[in-house]
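Here are my notes on the model you sent over.

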Amino acid sequence: MLLVVLVAARAAALTVAVWALVSRADCAFVTRTCLGSNLFSYFTIHSAFLLILAVLLTVLFTVSGRPEPGWLTALRALATTYTVVSGAVFGVLIANAEMFGHLFLVPLSSKVIHFVLPVYAVADFLLAPGRHRIRWASTWLATVFPALWAVYTLVRGRMVGWYPYFFLDPSVVGGYHAVGTYALGLSVVILAVAFLTVAATRLPAVPEHAVHRRRRARPAAAGRPAAGPRPGRSTPRGR
């Protein structure tokens with residue numbers, strides 16, 4: 001029963017996440033009101049893709065009856081960290097939109113990506129069975145992709161004159177020194193969330209055997225000896 005509920009919940013989450021991404025991409029592929037290259041430069045979009053990949057893999061492992069490997073737990077942890085950070089940063093921007101001088105139009109698909117998916121990611125990571133303990137050193141791994149994304153964003157932004165977030169635009173915040181300050185603050189937030197995610201793997205979890213029933217070895221048929229190596233013929237001794 002738990003297996004059915006778990007697979008159904010994750011399948012529903014996948015459906016909602018894919019719908020939100022497709023709806024969010026309408027501006028690039030349907031209404032033509034935004035550039036696809038700009039849309040897919042948002043860290044939030046990358047986080048949603050990573051979460052979808054992680055959930056899809058967990059569904060495949062669950063349905064196939066195989067236990068979740070350690071690398072998949074690490075992938076789920078990264079997806080959870082990035083999704084939560086994206087939602088938290090967006091929430092701060094929305095709450096202080098007037099102070100920043102920006103107007104945020106938040107369609108339903110964007111609300112799902114920024115607020116619903118983070119809540120689901122945390123709930124799935126904490127409540128679903130099968131996760132493994134992650135090493136504390138894995139906390140630093142969470143900074144690798146954001147660092148690469150930041151370099152890409154700054155280089156591309158200088159080339160095309162567009163940045164996905166205003167605090168990464170040197171002409172808006174007052175130069176690269178201010179951009180570095182914002183980046184340092186976000187790095188601290190990412191490390192803090194990653195630390196909490198790794199710490200969560202040390203909390204009591206639902207046992208794996210509660211979902212997957214262990215296969216018992218079939219007893220040998222009555223009257224038949226247990227399988228084993230066949231005795232070989234004795235060879236005559238040399239004369």
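How many helices and how many strands make up the secondary structure of the protein?

1. **Overall make-up.** This is a predicted model. The secondary structure consists of 11 helices, with zero strands. Read from the N terminus, the order of elements is α-α-α-α-α-α-α-α-α-α-α. The protein has 239 residues, and 37% of them count as buried.

2. **Contact range.** Take the contacts between residues at least 6 apart in sequence. Of these, 73% join residues at least 24 apart.

3. **Salt bridges.** How many salt bridges are there? The count is three. Asp124 pairs with Arg10, with 2.9 Å between the closest N and O atoms. This pair links distant parts of the chain: Asp124 belongs to helix H7 (residues 108–127) and Arg10 to helix H1 (residues 2–24), 114 residues apart. Both Asp124 and Arg10 are buried.

4. **Arg76 and its partners.** Arg76 forms a salt bridge with Asp124, where the closest N and O atoms are 3.1 Å apart. Here too the pair links distant parts of the chain, with Arg76 in helix H5 and Asp124 in helix H7, 48 residues apart. Arg76 and Asp124 are each buried. Glu68 also forms a salt bridge with Arg76, at 2.9 Å between the closest N and O atoms. Glu68 is buried, as is Arg76.

5. **The network.** Which residues do the salt bridges link in a network? They are Arg10, Glu68, Arg76 and Asp124. If you set up charges for this model, these are the side chains named in the network.

6. **Aromatic pairs.** The structure has 14 aromatic pairs. One of them is Phe166 with Phe167: the ring centres are 5.6 Å apart and the planes stand at 75°, so the pair is edge-to-face. The cut-off for that class is over 60 degrees. The limit for buried is under 20%.

7. **Aromatic cluster.** Phe166 and Phe167 belong to one aromatic cluster.

8. **A charge over a ring.** Arg66 lies over the face of Phe61. The distance to the ring centre is 4.5 Å.

9. Asp169 sits in the loop between helix H9 (144–160) and helix H10 (170–173). Setting aside neighbours within four places in sequence, Asp169 is in contact with Tyr163 and Val179.

10. **Ser86.** Ser86 is part of helix H5 (residues 70–95). Ser86 counts as buried because its relative accessibility is 8%. Which residues does Ser86 touch, not counting those up to four places away in sequence? They are Phe43, Thr44, Ser47 and His114.

Definitions and conventions:
Residues numbered from 1 in each chain as written. Predicted model: local features only at pLDDT ≥ 70, side-chain atom pairs only at ≥ 80, totals over all residues. Heavy atoms only, no water. Phe/Tyr/Trp six-rings, centres within 6.5 Å; stacked < 30°, edge-to-face > 60°. Lys NZ or Arg CZ within 6 Å of the ring centre and 35° of its normal. Helix = DSSP H or I, 4+ residues; strand = E, 2+ residues; numbered from the N terminus. Contact = heavy atoms within 4.5 Å. Buried < 20%, exposed > 50% of the residue type's maximum accessible area, 1.4 Å probe, protein only. Salt bridge = Lys/Arg side-chain N within 4 Å of Asp/Glu carboxyl O.
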